[in-house]
Amino acid sequence: QVQLVESGGGSVQAGGSLRLSCAASDDTYRRHCMGWFRQAPGKEREGVAAICTGSGNTYYADSLKGRFTVSKDNAKSTVYLQMNSLKPEDTAMYYCAAAPAMGLTVGRVLSEHAYEYWGQGTQVTVSS
């Protein structure tokens, strides 16, 4: 059974940092690309970053490059999203998701439609 468990959300002031974690089952971790998505109230879900655990390739939404970093720990089957210089507009529910690495193209790696499995989400709130 595929399981994705996010943690690390919380409330922080603007300019602060948070690190989100997504723990995956071993089988999921090995064969999937892991993406981070977020959804703010009244807005569509958007891709934030992704990492393919086999290749180590990382992908970012253009608007977030330089502030967010995605990484992985193979020993723990866990991926992370380090978020720095947070802004109030980063406030959202953040989700971890898994997409089969086989056949996943660069053009779809940040598309929610490519992802089959989703975690429950973790809330990030940034106050001004």
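Predicted model: local features only at pLDDT ≥ 70, side-chain atom pairs only at ≥ 80, totals over all residues.
Strands of a sheet pair through backbone hydrogen bonds, in either a parallel or an antiparallel manner. In the model, an open sheet is formed by four strands in the order 1-3-8-7, with antiparallel pairing. Strand 1 (4–7) and strand 7 (68–73) are at the edges and have a single partner strand each, so one side of each has no neighbour in the sheet. From one strand to the next, the twist averages 15°. Strand 1 is joined to strand 3 (residues 18–24) by four bridges, and the two run antiparallel. Val 5 is placed opposite Ala 23 in strand 3.

Strand 4 (residues 32–39) has eight residues, and seven of them are buried, so this strand is largely enclosed by the rest of the structure. Strand 4 pairs with strand 9 (residues 92–100) in the antiparallel sense over eight bridges. Arg 38 has Tyr 94 in strand 9 as its bridge partner. Strand 4 also pairs with strand 5 (residues 46–52), again in the antiparallel sense, over six bridges. Here Met 34 has Ile 51 in strand 5 as its bridge partner. Strands 4 and 5 form a hairpin, with six residues between them. Gly 42, in the turn, has a positive phi of about 80°.

Two disulfides are found in a search of the whole structure. One of them is formed by Cys 22 and Cys 96, whose sulfur atoms are 2.0 Å apart. The torsion about this S-S bond is about -75°, so the disulfide of Cys 22 and Cys 96 is left-handed. Because Cys 22 lies in strand 3 and Cys 96 in strand 9, the pair ties together parts that are 74 residues apart in sequence. Cys 22 counts as buried because its relative accessible area is 0%, under the 20% limit for a buried residue. Cys 96 is likewise buried, with a relative accessible area of 0%.

The other disulfide is formed by Cys 33 and Cys 52, with the sulfur atoms 1.9 Å apart. The link of Cys 33 and Cys 52 is right-handed, with 100° about the S-S bond. Cys 33 belongs to strand 4 and Cys 52 to strand 5, and the pair links distant parts of the chain, 19 residues apart. Both Cys 33 and Cys 52 are buried. With the bonded cysteines counted along the chain, the disulfides of the protein chain follow the pattern 1-4, 2-3.

How values were computed:
Residues numbered from 1 in each chain as written. Heavy atoms only, no water. Pairing = 2+ DSSP bridges. Axes fitted to C-alpha atoms, helices over the stretch in contact; angles between N-to-C directions. Buried < 20%, exposed > 50% of the residue type's maximum accessible area, 1.4 Å probe, protein only. Disulfide = S-S within 2.5 Å.
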